[in-house]
Amino acid sequence: MTEASAPAKLILCGEHAVVYGRPAIALPLGGIRARVTIDLAPAGSGITFDAPDMDRRWSLAAAPDEPLSALAVRVCRELGVAPPDVRVTISSPIPIAGGMGSGAAVATALVRALAAHLGYELAPETVSALVYESERRLHGTPSGIDNTVIAFERPIWFVRQPPTDSDRRPGTENEAPRRTDTQHAIRRMPQATIEPIAIATPLTLLIGDTGVRSATRLPVGAVRQRWQADPARYEALFDQIGVLVWRARAALAQGEVVQLGALLDQNHALLQQIGVSSPELDRLVEAARAAGALGAKLSGAGWGGVMVALVAPQTREHVRATLAAAGATQVLETTIDPS
Ligand code: PMV
């Protein structure tokens, strides 16, 4: 048996604007992990997938277009081998469509596990590029931040090039197998600046789940339509987010948590103006602030999913209880260590 895992992620600030070339900061949540195990299966059975958490089971032969099937084929092509006879078991505690990178984490764990089963360890860049391709099929124009922070597993500063027409074109599954497939995948990954960020003091974050599930592509698509209809207004909003993300980077580097909290609040207000918050998200954000959080905002694509609150250790329990009382279906806690 071979096992591999990959973490959930949290966008601290800059979501949506990051799709349009502004910076964002993302954190891996090392304690919340998707896991994939690979067991040998009878000869000739091909790859079968079993995801008991999602109550799903399928085979590569019967569902070659299923995103994880296509990803497994891509990994095998990259390694120059035929798909093996194996049973792939997927388990993940990360809420699906909840803003915590569930799809990218499962895909990353699959790439790592399959490569390990075949005797390879792929570089994070390669894993990230393969997962990006898979995300692109699901979301259209992902910025690449999810696959990057999850594959590299460290807090990152991420700035991508704005999308081009070729980024928006769906990939084809019927390309001839070739040894250089990963280089091909890397070429498809938009150019991006990826830097580790300095964090001077531990950060305690509470993540409140609205329980509302919203596929990433819906708010991302709505923002694109609004941007196309009124580019000047949306470019100005994205610029304001970009400025505060730069300031958040400086606050992280200097350990100024009060300042960081205020920036998170401002980011939430701008996301509300962009139209990606929801009554449930706003309720949790306001509840966290009222209970003494240093700052709070939605995290991820919005319209549902999770929010994040930055808390001081002494208010943590009160904020947690207040979030639960305000309707959070679960409240997760994570501490980001200085780096
Ligand atoms: O909700 P998530 O985890 O899929 O995050 C989406 C982040 C966006 O900035 C809204 C989209 C993207 O591709 O960066």
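Predicted model: local features only at pLDDT ≥ 70, side-chain atom pairs only at ≥ 80, totals over all residues.
1. Four strands form an open sheet in the order β9-β10-β8-β11, and their pairing is antiparallel. Its edges are β9, covering residues 295–299, and β11, covering 330–336; each of these pairs on one side only. From one strand to the next, the twist averages 25°.

2. The pairing of β9 with β10. Strands of a sheet pair through backbone hydrogen bonds, in either a parallel or an antiparallel manner. Here β9 and β10 (residues 306–311) run antiparallel and are joined by five bridges.

3. Helix α9, residues 257–274, lies across β8 (203–209), β9 and β10. Its direction is at about 40° to that of β9.

4. The surroundings of the ligand. Which residues are closest to the ligand? They are Lys9, His16, Ser143, Thr216 and Ala301, out of 16 residues that surround the ligand.

5. Polar backbone atoms at the ligand. A polar backbone atom of histidine 16 is 2.9 Å from an oxygen atom of the ligand. For alanine 301, a backbone N or O atom likewise lies 2.9 Å from a ligand oxygen atom. For glycine 99, the distance between a polar backbone atom and an oxygen atom of the ligand is 3.5 Å. The ligand taken alone exposes 380 Å², of which the protein buries 93%.

How values were computed
Residues numbered from 1 in each chain as written. Heavy atoms only, no water. Pairing = 2+ DSSP bridges. Helix = DSSP H or I, 4+ residues; strand = E, 2+ residues; numbered from the N terminus. Axes fitted to C-alpha atoms, helices over the stretch in contact; angles between N-to-C directions. Contact = heavy atoms within 4.5 Å. Near = heavy atom within 4 Å. Polar contact = N/O pair within 3.5 Å; in protein donor to acceptor, adjacent residues only side chain to side chain. Areas by Shrake-Rupley, 256 points an atom, 1.4 Å probe, with all protein chains shown as cover.
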